[in-house]
Amino acid sequence: MAAFAALILVGTVLLSLPAADHGHATPFLTSLFTATSAASVTGLVVVDTADHWSPFGEAVILVLIQVGGFGVMALATVLSLVVSRRVGLRMAVTAGAETKTLSLGEVRRLVLGVLWVTLVFEGALAVLLTLRWWAAYDLSFTAALHTGVFHSVSAFNNAGFSLYSDSLMGYATDPWITVPVALGVIAGGLGFPVWVELWRFTRRSGERRHWTLHAKFTLGMTAALLVIGFAAFLALEWTNPATMGPLGVGEKALTAFFQSVMPRTAGFNSLDFGAMQTQTLLVTDMLMFVGGGSAGTAGGIKVTTFAVLILVAYANVRGEPTVHAAGRRLSEGTASQATTVAMLALGLVLGATLVLMTVSPFTLDRLLFEATSAFGTVGLSTGITADLPPAGQAVLVFLMFAGRIGPITLASALALRRHGRLYEFPQERPIVG
């Protein structure tokens, strides 16, 4: 957490330099907001990225996105292994020779693996986008390369920063732009542990394949939420003249797919969220709150947490004392951790929304959307971010910081801290419901 705060501080200082903008004399809050949004790979902005920031400023933003996304992904991957082996990181490092501990060599292999996956996906995506912008949109190769690299890093890290003032609305019907960006967002949102399992799956063609519960939850819930989001966007925006209404059937399907991916948590948009139906905003709120996979670049409470909550509710409805899934029994600690993370996250979002309603004149649906987007490190907006008062923007800065670090830190702390009680009080059951 301290390292993440230091990254934001360095980014704020660099973005406050005269060389970082086009002579706009950037206020401190604007620099802080942009640095936090970039380092937390959120994508919310209070100034237009291409118009306000100079090439140096854009480079600072890109580095913050890359370091923030890679750092969180590597940290979450290491912590997930620490938690799975039930050993503190300090103990693992100092006692690496013991059985079931995390050695320094293993940490190094994990970090290098995360770096390799990052470079492969970002490189492939940069090539595709650069060629498209160069061949189809009359950009010079240098300009196309700059645009392609920036958007590839932003997409894989689920950042949502764009060099265009309307994000990717100008390319809403171009599948050669929107589909690669969407696939990059999905790839970054799955997380490194899932990609390791997918790699092993392809390498063991003749062997029996065993998927971990984490991979099953991540892949299954990701697919389910993509389908739900796709269907919801199509149904709710099909006739909206300000969004999908004028588009053809194939174009509507393309934009619905793209927008169903973005709440996972990227922040690019090919349609104007400020013109969408209130029902669509609420569906997007729910998708943003859940987010993507653990140990990835996505935010939110994570799809695995959401899957555990569903299974707990299902077991309680059936009157079963334990929770089972895919031939495995979930520990009681897992269920309580998921509930705690979800409840604290919900309280944080609702509390922040209440504060935003107090300091700004906007409606509840727009402010809830903004708060959820900030906490989920999504970056989608109905267009009110820049119009919020300084107090409102400060609230979003706090939400972005808490949303990026909070769920990872909280879940790891809950998993690693176990204290036995020396005594128990007599049992009593209050009336529930």
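This is a predicted model: local features need pLDDT of at least 70, side-chain atom pairs count only at pLDDT 80 or more; totals for chains, interfaces and linings use all residues.
Helix H2, which runs over residues 28–39, holds twelve residues, and from its first C-alpha to its last it reaches 16 Å, close to the 16 Å expected at 1.5 Å a residue. The helix is mostly covered, since nine of its twelve residues are buried. Among the buried residues of H2 are Thr30, Ser31 and Phe33, and the list also includes Thr34, Ala35, Thr36, Ser37, Ala38 and Ala39.

Just after H2, Val41 takes a positive phi of about 45°, and this residue is placed in the loop between H2 and helix H3, the latter spanning residues 49–52. A positive phi is also found at Ala326, where the value is near 50° in a residue other than glycine. The loop that holds Ala326 lies between strand E1 (323–325) and strand E2 (328–330). Are these two residues buried or exposed? Val41 counts as buried because its relative accessibility is 0%, and buried means under 20%. The table sets the two residues side by side.

| Residue | Phi | Relative accessible area |
|---|---|---|
| Val41 | near 45° | 0% |

Turning to open space in the model, the second largest pocket contains about 520 Å³. Its lining is made up of 28 residues, and those that lie nearest the centre of the pocket are Val45, Ser165, Ser167, Asn269 and Ser381. Sorted by class, the lining of this second largest pocket has eleven nonpolar, 14 polar and three charged residues.

The largest nonpolar core has 44 residues, and of these Ile61, Ile65, Leu396 and Leu399 touch the most other members. The elements that give two or more residues to this core include helix H1 (2–15), H2, helix H4 (55–84) and helix H7 (141–156), and they also include helix H14 (332–359), helix H15 (364–375) and helix H16 (390–416). Apart from this core lies another one, of 20 residues, among them Leu129, Phe258, Val261 and Met262.

Which residues does Leu396 touch, not counting residues up to four places away in sequence? With that exclusion, Leu396 touches Phe33, Leu44, Leu356 and Glu370, and its contacts also include Ala371, Ala374, Thr385 and Leu388. Phe33, one of these contacts, is also one of the buried residues of H2.

Terms used. Residues are numbered from 1 along each chain as its sequence is written. Side-chain values use heavy atoms; hydrogens and water are left out. Helices (H or I, at least four residues) and strands (E, at least two) are DSSP runs, numbered from the N terminus. The expected span of a helix is 1.5 Å times one less than its number of residues. Buried means under 20% relative accessible area, exposed over 50%, partly exposed in between (1.4 Å probe, protein chains only). On a 1 Å grid over the protein atoms alone, a cavity is a set of points where a 1.4 Å probe fits but cannot get out, and a pocket is an open set with protein on both sides within 12 Å along at least five of seven lines; lining residues have an atom within 4 Å of a point. Grid points are joined across faces, edges and corners, and a volume is the space filled by probe spheres set on the points. Ala, Val, Leu, Ile, Met, Phe, Trp, Tyr, Cys and Pro count as nonpolar, Asp, Glu, Lys and Arg as charged, and the others, Gly among them, as polar. A nonpolar core is a set of buried Ala, Val, Leu, Ile, Met, Phe, Trp, Tyr and Cys residues joined through side-chain atoms within 4.5 Å. Contact means heavy atoms within 4.5 Å.
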